[in-house]
Structures are given as structure tokens and as C-alpha cells.
Amino acid sequence: MEVHMSPIAPLWNDDLVQESSAARNNEAPAIPFADVFQSAIDSVQETDATKNELQYLQATGQLDNPAELVIAENQAILSVQLLVQLRDRALDAYSEVMRISM
């Protein structure tokens, strides 16, 4: 049984980025923060599920290429690190806004 790994999905698609760059004339951004954050959470769940499946295949001797497991583990780690960075940036921005409004 062979598992095909997919690359980490981008947090936004190119169409939204182009719309956002074209809409910078005093308009709201085209990519809501909640969508970016939810996409990062989905990416963490997806990469973790892939990693767990490959670990199971490795443990049962069904994994033909052990490098796939290493790649999946690294993808899972990177997606968690990205989510943590997004959280930290959001908290920093919130703290800054609270400090300005006082």
C-alpha cells in the first residue's frame, strides 16, 4: 500500500493575492485573517494525519520508502511552526493595538 504525500497547501490562492494587491486603494484586504488562520489549522491537521498514516505503515512494514515518513514528519513540524508564528504575530498585534488605545 503506497501513500502519496501532497505538498503543504498554501495559506491563500494566487487569485486572492492578486485581488488584494489590486485593491490596495483604501479598500479592505481581500484575505480575511480568520481564513488564513483556519487554513493554517487545516494544514496542521492534514500534515499530521499524513504523518500518522505513514508512521503506521512504517510500523507494520508496509512502507516502501522510509524517506516519505521523514518528509511527512518535517512537513508536520513546519506546519505547526507556521501556526505558532501566526498565533504569536496575532497576539503581538493585539497587544500593540491595546497599548495604542490606552
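## Confidence

pLDDT is the predictor's confidence in each residue, on a scale from 0 to 100. This is a predicted model, so local features need pLDDT of at least 70 and side-chain atom pairs count only at pLDDT 80 or more, while totals for chains, interfaces and linings use all residues. Residues are numbered from 1 along each chain as its sequence is written, and side-chain values use heavy atoms, with hydrogens and water left out.

The protein averages a pLDDT of 82, and 70% of the residues score at least 70. Confidence is lowest in helix α1 (residues 14-22), with a mean of 53. Helix α2 has the highest, at 94. Where pLDDT is low, the predicted coordinates should not be read in detail.

## Overall build

The protein has three helices and zero strands. From the N terminus, the order is α-α-α. Helices (H or I, at least four residues) and strands (E, at least two) are DSSP runs, numbered from the N terminus.

Of the 102 residues, 22% are buried. Buried means under 20% relative accessible area, exposed over 50%, and partly exposed in between (1.4 Å probe, protein chains only). The accessible surface comes to about 7,500 Å². Carbon and sulfur atoms hold 56% of that surface. Areas come from the Shrake-Rupley method with a 1.4 Å probe; for residues, only the protein chains shown count as cover.

Contact means heavy atoms within 4.5 Å. Among contacts between residues at least 6 apart in sequence, 68% join residues at least 24 apart.

Helix α3 covers residues 66-101, which is 36 residues. The expected span is 1.5 Å times one less than the number of residues.

The buried residues of α3 are E68, L69, A72, Q75, A76, S79, L83 and L86. They pack against α2 (33-59). From the α2 side, K51 lies in that helix. K51 counts as buried because its relative accessibility is 17%. Leaving aside residues up to four places away in sequence, K51 touches L69, A72, E73 and A76.

The whole structure holds one aromatic pair. F33 and F37 form this tilted pair, at 5.5 Å centre to centre with 35 degrees between the planes. Rings of Phe, Tyr and Trp (its six-membered ring) pair if their centres lie within 6.5 Å; planes under 30 degrees apart are stacked, over 60 edge-to-face, and the rest tilted.

F33 and F37 are four residues apart in helix α2, so about one helical turn separates them. F33 is partly exposed, at 47% relative accessible area. F37 is also partly exposed, at 23%.
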